[in-house]
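Please read the following points with the sequence and the model side by side.

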Amino acid sequence: MMKQFLRVLALIVFIVSMASVLSTSYAQDNVLNVYNWDDYIDDSTIPEFEEKFGVKVHYDVYDSNETLLAKLQAGATGFDVIFPSDYMIKIMVQLDLLEPLNKSKIPNIKNVDPLFLDQPFDPGNQYSLPYTWGTAGIGYLADQITESVDSWSVMFDPKYSGRIVMLDDVREALGAALKYLGYSLNSTNPDELQQAKELLIRQKPLVKAYASAQAEYMLLSGDAWLIHNWSGDVHRATLENSNITYVVPKEGSSKFIDNCAIPKTAQNKELAHAFINFLLEPEVDARIHNHIRYMSPNTAALPYLDEALRNTMQKMSPEIAAKLEYIEDLGQATRLWDKIWTEIKAQ
Ligand code: SPD
């Protein structure tokens, strides 16, 4: 009797554990973990993908390339699709953190403007495909800042003490100071970096906050009058307050291409390819960009972009465009930059 009872019990345990194994692998095949920049997608794309593919998407956000890198280096294995910027793709490839893309699973690559393909940070697009492009600059409240804003100088003006927000981003904040001083934002020259550091330390008492994801909301609430931020985030804020204006300073600034990529540790590479392909559908891409207000590298999406966004894409003067630089991998000098940034933040 006892033996029979134990046999039945063992059978039940076996059935339950098999069911759980099966349901786990089923769940894994049907879950996609996406890790993207904050405010970098519209509200419909994820539900539409879930419905079309019968899967569940877990979606999380970050606000700097360095946060994303730190997560991957700390061994995070939960991400299937990520969106690193240009220089970060190069760093991640060097660190062997990215999976080569299987282009046969991304036929919508045909929609991408060749101008944005085969960039020096990823020759042949072995690991990444472009998602957005844009610039860093200044967003400001034109009803508060009545002087003409065309230079980084306004971000260092004591008149605006307590109303200035700088990007909480080592490459962008130090990069902006370097540009204002007339240097490259990829400088590795210790003297130039020292000058940029001193400038940011002098600026610090004027700075309300170092913030990336929250900056546009601080401008919208009127807590900040001048924010160092990325083009799309400011352009999106202009839709809510027409006093908000975006300018790329005359000394120049950074430009960037943010890209879709698949980490080597991704659990669902098949679905990750399907998601990237889905993002490159013209209507999907246009809907995302009409919402996030960054520029689209997708030629097939252009007819679906709204007029105002298309105009923004054509607006920059050639003189200023010539002063934009892509952020590049600094190699060994990264440590000096990080040390300087830590010292500025610690002040
Ligand atoms: N809110 C989305 C911001 C995305 C900006 N990416 C910029 C990368 C610059 N190096």
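1. Contact here means that heavy atoms lie within 4.5 Å. The model is a predicted one, and the points below should be read with that in mind.

2. Start with N108, a residue in the loop between α4 and β4 (128-141). Leaving aside neighbours within four places in sequence, N108 is in contact with N277, L280 and E281. With E281 there is also a polar contact, side chain to side chain, at 3.1 Å. The relative accessibility of N108 is 6%, so this residue counts as buried; the cut-off for buried is under 20%.

3. The chain is divided into two parts: domain 1 takes 28-133 + 256-309, and domain 2 takes 134-255 + 314-346. Taken over C-alpha atoms, the centres of domain 1 and domain 2 are 26 Å apart.

4. How much area is buried between domain 1 and domain 2? The value is about 1,700 Å², with 55% of it given by carbon and sulfur atoms. On the side of domain 1, Y87, F256 and R293 lose the most area to domain 2, and together they account for 34% of what that side buries. In terms of contacts, 18 residues of domain 1 meet 22 residues of domain 2.

5. R236 and D39 meet through their side chains in a salt bridge, 3.1 Å from N to O.

6. Which elements give two or more residues to the side of domain 1 that touches domain 2? They are α4 (86-94), β9 (254-261) and α10 (282-292). Of these, α4 gives the most, with four residues. By class, that side of domain 1 has eight nonpolar, four polar and six charged residues.

7. Helix α5 (residues 170-180) deserves a separate look. Ten of its eleven residues are buried, so α5 is largely enclosed by the rest of the structure. The buried residues include the charged side chains R171, E172 and K179, along with V170, A173, L174, G175, A176, A177 and L178.

8. Both ends of α5 can be inspected. At the start, a side-chain oxygen of D169 comes to within 3.2 Å of the backbone nitrogen of R171. After the helix comes G182, which has a positive phi, near 90 degrees.

Methods: Residues are numbered from 1 along each chain as its sequence is written. This is a predicted model: local features need pLDDT of at least 70, side-chain atom pairs count only at pLDDT 80 or more; totals for chains, interfaces and linings use all residues. Side-chain values use heavy atoms; hydrogens and water are left out. Domain bounds come from an automatic or database domain assignment. Buried area is the accessible area (1.4 Å probe) that two parts lose on being put together, summed over both. A salt bridge is a side-chain nitrogen of Lys or Arg within 4 Å of a carboxyl oxygen of Asp or Glu. Buried means under 20% relative accessible area, exposed over 50%, partly exposed in between (1.4 Å probe, protein chains only). A polar contact is a pair of N or O atoms within 3.5 Å; within protein, one must be able to donate a hydrogen and the other to accept it, and residues adjacent in sequence count only if both atoms are side-chain atoms.
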